[in-house]
Amino acid sequence: MDWNTVLNNILSPAALFFFLGFLSVLVKSDLNSPIRCQNSSRPICSLPSATPAAKKLALAGLSTDVLVYILAAMVMALVVPFYAFFVLRRILSVYDAAAMAATYGSISIVTFIVGTEFLSQLGVESGGYMVAIMSLMESPAVIMGILLVRFFAPNTGQKRPGVGALLHESFLNGTGLLLLGSLVIGFITGPSAGKDLEPFMVGIFKGIVLLFLLDVGMMAARKLELLRKVGPPLVIWGITAPIVNGLIGIALARALGMIPGDALLFTLLCASASYIVVPAAMRQAVPEANPGLFELLSLGVTFPFNIALGIPLFWGVIGAVWG
């Protein structure tokens with residue numbers, strides 16, 4: 001791993017705004033972020049990655065290779081929560097293990113955005129279809145988490161959401177719908193139609209994402225006290241899971257012939273964990289689970305690890321494997 005790349009990544013605006021928010025809570029500052037890390041603001045923060053991606057997708061089109069990549073991503077979104085459940089079941093209840101597994105089978109959009117900025121600084125290209133893959137990887141993990149509960153949890157008579165409600169929440173949540181809708185609109189209208197929107201959709205929104213990261217850092221710091229209560233095994237899981245899943249993602253990306261930029265983004269999707277959409281869905285579908293537990297690990301451990309060390313670590317491995 002190139003330590004200069006690590007340092008440059010840690011000193012990037014995205015990482016520094018996250019750590020600024022983290023520090024503001026530690027020093028008990030009265031700083032308040034104007035952008036809240038909630039479901040209402042999360043779709044807005046996804047637009048900067050969807051807009052340029054739509055242009056690339058309009059130029060390149062949907063090839064057979066892209067469809068294979070999408071299928072591989074969906075498989076990963078099912079496999080990761082499946083194996084994670086049996087690992088976590090050794091230290092957690094069925095409900096918490098299933099919810100945690102779904103969280104780590106899903107993705108973090110903000111980690112993806114930081115990864116795209118990392119590639120942009122290096123001048124490395126990536127395909128527009130990666131945003132489509134990102135938007136499709138949330139839903140299978142939620143479904144797998146629910147299935148694991150239904151198969152392995154004791155029958156307590158607890159009424160759970162029906163299949164229709166589950167599919168609606170998984171595939172038609174606000175963020176996923178906005179991402180896919182933006183891609184479809186950009187694909188239909190073509191690159192020239194979106195040129196006039198660039199100052200609004202790209203320039204301004206980069207600043208919004210930085211403010212969003214500021215609030216994410218503040219949220220992570222507020223959960224710091226809880227880390228002492230979860231015990232070392234779960235903290236170790238929060239660090240080893242992204243490494244293992246990321247390395248699997250790298251191997252799969254290499255086998256499928258992805259270019260290095262796409263391989264990094266695909267790896268980050270495999271290595272990241274949801275801390276908003278999936279926890280909210282699992283809170284509704286599995287009320288017996290402790291939402292603070294999986295939110296704590298995904299936001300307080302895995303997210304900062306990925307944006308500080310995971311991105312340059314995975315990029316170094318990709319550089320070595322791809323030559």
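Val 317 is found in helix α16, which covers residues 291–322; helices here are DSSP runs of H or I with at least four residues, strands are runs of E with at least two, and both are numbered from the N terminus. This is a predicted model, in which local features need pLDDT of at least 70 and side-chain atom pairs count only at pLDDT 80 or more, while totals for chains, interfaces and linings use all residues. Residues are numbered from 1 along each chain as its sequence is written, and side-chain values use heavy atoms, with hydrogens and water left out.

**Confidence**

- The protein averages a pLDDT of 78, and 73% of the residues score at least 70, where pLDDT is the predictor's confidence in each residue, from 0 to 100.
- Among the elements of the protein, the lowest mean pLDDT, 52, belongs to helix α3 (residues 42–60), and the highest, 95, belongs to helix α14 (residues 260–271).

- With a relative accessibility of 25%, Val 317 counts as partly exposed, a class that lies between buried (under 20% relative accessible area) and exposed (over 50%), as judged with a 1.4 Å probe and protein chains only.
- Val 317 and Leu 264 are 53 residues apart along the chain, and their C-alpha atoms are separated by 9.6 Å.
- Leu 122 has its place in helix α6 (residues 109–122) and is partly exposed, with a relative accessible area of 43%; from Leu 122 to Thr 5 the C-alpha to C-alpha distance is 9.7 Å, across 117 residues of sequence.

**Aromatic rings**

- A search of the whole structure finds 9 aromatic pairs, and the rings of Phe 18 and Phe 22 have centres 6.4 Å apart and planes at 35 degrees, so this pair is tilted.
- Rings of Phe, Tyr and Trp (its six-membered ring) pair if their centres lie within 6.5 Å, and planes under 30 degrees apart count as stacked, over 60 as edge-to-face and the rest as tilted.
- Phe 18 and Phe 22 both belong to helix α2 (residues 13–26), where they are 4 residues apart, about one turn of the helix, and both of these residues are buried.
- One aromatic cluster is formed by Phe 18, Phe 19, Phe 22 and Phe 303.
- The charged end of Arg 254 sits over the ring of Trp 322, 5.2 Å from the ring centre; the term applies if NZ of Lys or CZ of Arg is within 6 Å of the ring centre and within 35 degrees of the ring normal.

**Surface and loop**

- Phe 82, Phe 86, Leu 147, Phe 151 and Phe 152 make a nonpolar surface patch of about 520 Å², and the elements that give two or more residues to this patch are α4 (64–88) and α8 (138–152).
- Helix α8 gives the most to the nonpolar patch, with 3 residues, while Phe 86, found in helix α4, is partly exposed, with a relative accessible area of 36%.
- Patches are made of residues with over 30% relative accessible area and no salt bridge, with like charges joined within 9 Å and nonpolar side chains (Val, Leu, Ile, Met, Phe, Trp, Tyr) within 5 Å; a salt bridge is a side-chain nitrogen of Lys or Arg within 4 Å of a carboxyl oxygen of Asp or Glu.
- Accessible areas come from the Shrake-Rupley method with a 1.4 Å probe, and for residues only the protein chains shown count as cover.
- Lys 28, in the loop between α2 and α3, is exposed, with a relative accessible area of 74%, and its phi is near 60 degrees, a positive value in a residue other than glycine.
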